[in-house]
Amino acid sequence: MLTIDGVTVRLGGRAILEGASATVPVGARVGLIGRNGAGKSTLMKALIGEIDPDAGEISKPSRAKIGYIAQEAPSGAMTPEDVVLASATERAQLLEELETCTDMDRMGDVHDRLLAIDAYSAPSRAAKILKGLGFDEEMQRTPVDRFSGGWKMRVALGALLFSEPDILLLDEPSNHLDLEATLWLESFLKSYPATLVVISHERDLLNKVVDHILHLQGGQLTLYPGGYDAFEKQRAERASQLAAAKASQDAQRARLQDYVARNSARASTAKQAQSRAKMLARMQPIAAMMEDPTLSFDFPDPAELRSPMITLEQAAVGYGEAPPILRRLNFRIDADDRIALLGRNGNGKTTLARLLASQLAPAEGEMNAPGRLKVGYFTQYQVEELAGEETPLDLMNRAMEGMAQGAIRAQLGRFGFAGARAQTRVDKLSGGERARLALALITRDAPHLLILDEPTNHLDVDAREALIQALNDYSGAVILISHDRHMVELTADRLVLVDDGTAREYSGSMEDYIDFVLGRKQPKRDRDSSSSKSRGASGAGASAKVREAKAQLTKVEEEVSRLTLQVEEFDRLIGECSTAPEGPSGANMQELLTARAKAGDSLADAEEKWLAVGTALEAIKQG
């Protein structure tokens, strides 16, 4: 059992954890969540003994082996296979001893122990883990020094998983993984036989792998049974209870304050007033569960641009004089497309994104786009390269040179950098805040097309939900590369598989693709784009139907938006009427309620139609 008892940790004079307590049962799978900067990684470091608590204690089983990824990635001439096998320290020590052992009895004991720990199947188990994390046979035998930092962290993760600790601690393990490796990791962790504590912002992982949620907020820990969806429901119920309790306490406080104010000066009631004043002083305020008001994503809508936005015809793309990485690229991007690029890291997703962003030119074939097309291209490199000594206002002033301060401040405000936040040094911002700042910078010109390459790294669950909402509200086109399939499923209506040196429309759903990656189904693909242009001239009839259905869908969406605003306005007027000092105004209230009910019925009908048109559009796309 892992016990956290009244732990307080202060860093730089600020309490990160303050009297935090929780008990993790043996064998539990716990998702540790909290807003960016809440102290999740600090708690992890306290669990492994890297940080000593200022107060309280952490109790662990005396012989339990705790596993945690070291901050330094592996390096040197060792191969990923060597690194992973070396992580099984007992096996390595026994094999080393066996090489020099001359005592026959001891050799027998060593062999027995090697059999007991299944040491002889270790190479195949190591290869299976590395393959799941994206290493083919050649890569498994390549010196670690030849890999990038992200791939080295995959090696470190593989070594940790292979070592099979009694308590496995993972801090955002999918940050360096693609979707395919994330799916494999999720499958692996589902069957992990020991205690697991994982910091993750992946909603799917938190729903499918963990059986408890440990929520860190305000320096305190609360353990909830179930996955993330169950946690959200429990948190909403708790918030409702707290809001009701706070309202009751506020009313009681107001009554006490009124009594004290009216009766303190009167001799006959002064004693009672003093008693109530003491009661007020002792009353502990109930903190409402407030969301961070600075959490904001609001992409500016672009000027209208006719479709197609971009067309690729037999295009190829690569780097320098080397052979192209992708060939036979034939597809188009329309002004309202939502496209997710699928495929393992290294297959060319980022290369295709850079081609579409005009950072690379076609080596063969053609790419056509209107001259006034504006593209906003987001990568993690932009987040990492933000100058630490500058402020968001400094960076935006330079990016929007010559623009009015009001426009510059407004763009920052769209992404949560209003007021003093705009003048906070970048090196004082959290990873999630820097990601928001990078998005603010790339969208300053209201681009027609957003290309987002892993935008959710460093974003907590709430921030990811806000980003999904903003993308769905954005009127331009979106191309998304993400290992967060929850985001893909809620934002993308077209899937493109980048594989085998080209990119093709993927005709299945995300569930089909997941089944394919996990080996449960064969891949679904449209015909090879070299012989059939996806959404091109050969599919003119289908394209016309798609455009017609999209136009109808847009019309219905506008009707839903109009009716939603109408219903919200009725709700506001009813609220004002019901809280007026003289009470509800009879006939006026009844008229409002009747009108609101009628608007609500119309909205329900419009939403039904919206669903029907959307379903019909998907059917046309599927052919």
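1. Contact here means heavy atoms within 4.5 Å. By that criterion, and not counting residues up to four places away in sequence, D178 touches R154, R344, N345 and H483. The model is a predicted one. D178 is placed in the loop between β6 (167-171) and α8 (179-190). Because its relative accessibility is 2%, D178 counts as buried.

2. The protein has 21 helices and 18 strands. Of its 623 residues, 46% count as buried. Among contacts between residues at least 6 apart in sequence, 69% join residues at least 24 apart.

3. E172 is not a glycine, yet its phi is positive, about 45°. Is E172 buried or exposed? The relative accessibility of E172 is 18%, which falls under the 20% limit, so E172 counts as buried.

4. Helix α7 covers residues 149-163. Its 15 residues reach 21 Å from the first C-alpha to the last, close to the 21 Å expected at 1.5 Å a residue. Of these 15 residues, 13 are buried, so α7 is largely enclosed by the rest of the structure. The residue that follows α7 is E164, with a positive phi near 50°.

5. Helix packing comes next. Two packed helices are described by the angle between their axes and the distance between the axes. For α8 and helix α19 (residues 510-517), the angle is about 70° and the axes are 10 Å apart. Angles of 65 to 115 degrees count as roughly perpendicular, so α8 is roughly perpendicular to α19. On the α8 side the contact is made by L179, E180 and L183, and on the α19 side by M510, Y513, I514 and V517. By class, the residues of this contact divide into 6 nonpolar, no polar and 1 charged.

6. A second pair is helix α14 (residues 392-399) with helix α16 (residues 431-442). What is the angle at which α14 and α16 pack? The angle is about 15°, and the axes are 10 Å apart. Angles under 35 degrees count as roughly parallel, and α14 and α16 are therefore roughly parallel to each other. Their crossing is right-handed. P392, L395, M396 and A399 in α14 meet L437, A440 and L441 in α16. This contact has 7 nonpolar residues, with no polar and no charged ones.

7. Strand β7 (residues 195-199) includes V197. With 3% relative accessibility, V197 counts as buried. Leaving aside neighbours within four places in sequence, V197 is in contact with L2, V30, L32, M44, L168, L169 and L170. V197 and L214 are 17 residues apart in sequence, and their C-alpha atoms are 9.0 Å apart in space.

8. Two further backbone details deserve a look. The peptide bond from S307 to P308 is cis, with omega near -5°. P308 lies in the loop between α11 (270-282) and β10 (310-317). D118 has a positive phi of about 60°, although D118 is not a glycine. The place of D118 is the loop between α4 (104-116) and α5 (122-132). D118 has a relative accessible area of 40%, so D118 is partly exposed.

Notes. Residues numbered from 1 in each chain as written. Predicted model: local features only at pLDDT ≥ 70, side-chain atom pairs only at ≥ 80, totals over all residues. Heavy atoms only, no water. Helix = DSSP H or I, 4+ residues; strand = E, 2+ residues; numbered from the N terminus. Buried < 20%, exposed > 50% of the residue type's maximum accessible area, 1.4 Å probe, protein only. Expected span 1.5 Å × (residues − 1). Axes fitted to C-alpha atoms, helices over the stretch in contact; angles between N-to-C directions. Parallel < 35°, antiparallel > 145°, perpendicular 65-115°, else oblique. Left-handed = near helix turned anticlockwise from the far one by under 90°. Nonpolar A, V, L, I, M, F, W, Y, C, P; charged D, E, K, R; others polar.
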